[in-house]
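Open the model in your viewer and keep the selection panel handy. We will go from stop to stop, selecting a few residues at a time.

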Amino acid sequence: MDKIYGVIGLGKFGFHLAKGLVDNNENVILCDSKETPFQELKDRVEQIYVLDSTDKRALKEAGMSELDVVIVSIGENIEASILTVMALKELKNKRIIAKAVSATHGAILEKLGVDEVVYPERQAAFRLLSELTKAKLDTIDLSANMKSCKTIANSYFAKRSIKAIASEDGIKIVAIKRDEEWNLDFKDDFLVQKNDILLFLGTNLAIEEISKKIED
């Protein structure tokens with residue numbers, strides 16, 4: 001059975017995401033608090049609803065329950081974003097992705113059990129930075145057989161623990177930068193997120209091997 005996606009909030013990020021899903025012929029349910037954002041898509045999407053997304057009953061009537069993926073793209077109204085996520089969790093949606101506008105907003109969403117928090121502007125900046133610099137790893141030779149490296153965590157690192165990375169890749173992560181702050185004190189079960197900046201140590205061989213794995 002094909003996946004069914006829900007997109008709540010059709011600002012710039014939500015609209016382009018919704019349009020991309022429609023262009024790829026995905027099954028999509030669209031919701032916004034105003035009718036205006038739907039104009040370009042109304043002839044291409046059957047299920048479009050103008051509603052208050054903090055209202056669990058309204059979401060359920062729109063079919064926003066037990067969906068495969070729901071993306072919450074609500075802008076500056078953090079309260080509405082939080083209440084919407086809470087309603088979607090109660091409606092047993094399988095995967096919830098939510099846009100955050102600040103580190104505090106993102107932390108709250110994570111505590112509510114959101115599967116993935118996205119920071120569109122920050123992530124766009126990281127992608128551009130990666131393209132501009134091209135280098136996947138910044139390395140410093142510490143000795144004849146040891147290097148220090150810094151990189152932006154991509155999908156290879158994402159959602160893996162410090163312990164798993166050390167065991168499987170033979171490197172030691174010594175610092176992680178997230179939300180503009182460096183963290184030097186973390187436990188083995190700490191999970192790396194995509195676009196974290198990682199500082200790690202490893203042998204020449206380990207660094208060579210990992211550089212191959214993060215080329216995507």
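Which strands does helix α7 lie across, and at about what angle does α7 run to β11? Select residues 204-213 to find out: α7 lies across β7, β8 (146-152) and β11 (197-203), and its direction is about 135° to that of β11. Axes here are lines fitted to C-alpha atoms, for helices over the stretch in contact, with angles from 0 to 180 degrees between N-to-C directions. Contact means heavy atoms within 4.5 Å.

Before moving on, a word on what you are viewing. This is a predicted model, in which local features need pLDDT of at least 70 and side-chain atom pairs count only at pLDDT 80 or more, while totals for chains, interfaces and linings use all residues. Residues are numbered from 1 along each chain as its sequence is written, and side-chain values use heavy atoms, with hydrogens and water left out.

**The whole protein**

Zoom out. The C-alpha trace spans about 65 × 35 × 30 Å along its principal axes. Of the 216 residues, 39% count as buried, where buried means under 20% relative accessible area, exposed over 50% and partly exposed in between (1.4 Å probe, protein chains only).

**The five-stranded sheet**

Now show the open sheet with the strand order β7-β8-β11-β9-β10, paired antiparallel. Two strands pair if DSSP finds at least two bridges between them. Its edges are β7 (138-141) and β10 (181-183), each pairing on one side only. From one strand to the next, the twist averages 20°.

Select β9 (residues 172-178) together with β10: three antiparallel bridges join them. Pick K177 and you will find its bridge partner, W182, in β10.

Rings of Phe, Tyr and Trp (its six-membered ring) pair if their centres lie within 6.5 Å; planes under 30 degrees apart count as stacked, over 60 as edge-to-face and the rest as tilted. Y156 and F157 are edge-to-face, 5.5 Å centre to centre with 80° between the planes. Is Y156 buried or partly exposed? Y156 counts as partly exposed because its relative accessibility is 22%, whereas F157 is buried at 1%.

F157 and F200 have ring centres 6.4 Å apart and planes at 45°, so this pair is tilted. The two residues are 43 apart in the chain: F157 is in the loop between β8 and α6 (162-169), and F200 is in strand β11.

**Helix α3 and its surroundings**

Jump to residues 78-90. Helix α3 has 13 residues and reaches 19 Å from first C-alpha to last, close to the 18 Å expected (1.5 Å times one less than its number of residues). Highlight its buried residues, A80, S81, I82, T84, V85, A87 and L88. They pack against β1 (4-8), α2 (56-61), β4 (69-72), β5 (96-99) and α4 (103-111). Just after the helix, look for K92, with a positive phi of about 60°.

**Last stop: S73**

Finally, select S73 in the loop between β4 and α3. S73 counts as buried because its relative accessibility is 5%. Its side chain reaches the backbone nitrogen of G14 at 3.2 Å. Leaving aside residues up to four places away in sequence, S73 touches I8, G9, F13, G14 and K99.

Notes: Helix = DSSP H or I, 4+ residues; strand = E, 2+ residues; numbered from the N terminus. Polar contact = N/O pair within 3.5 Å; in protein donor to acceptor, adjacent residues only side chain to side chain.
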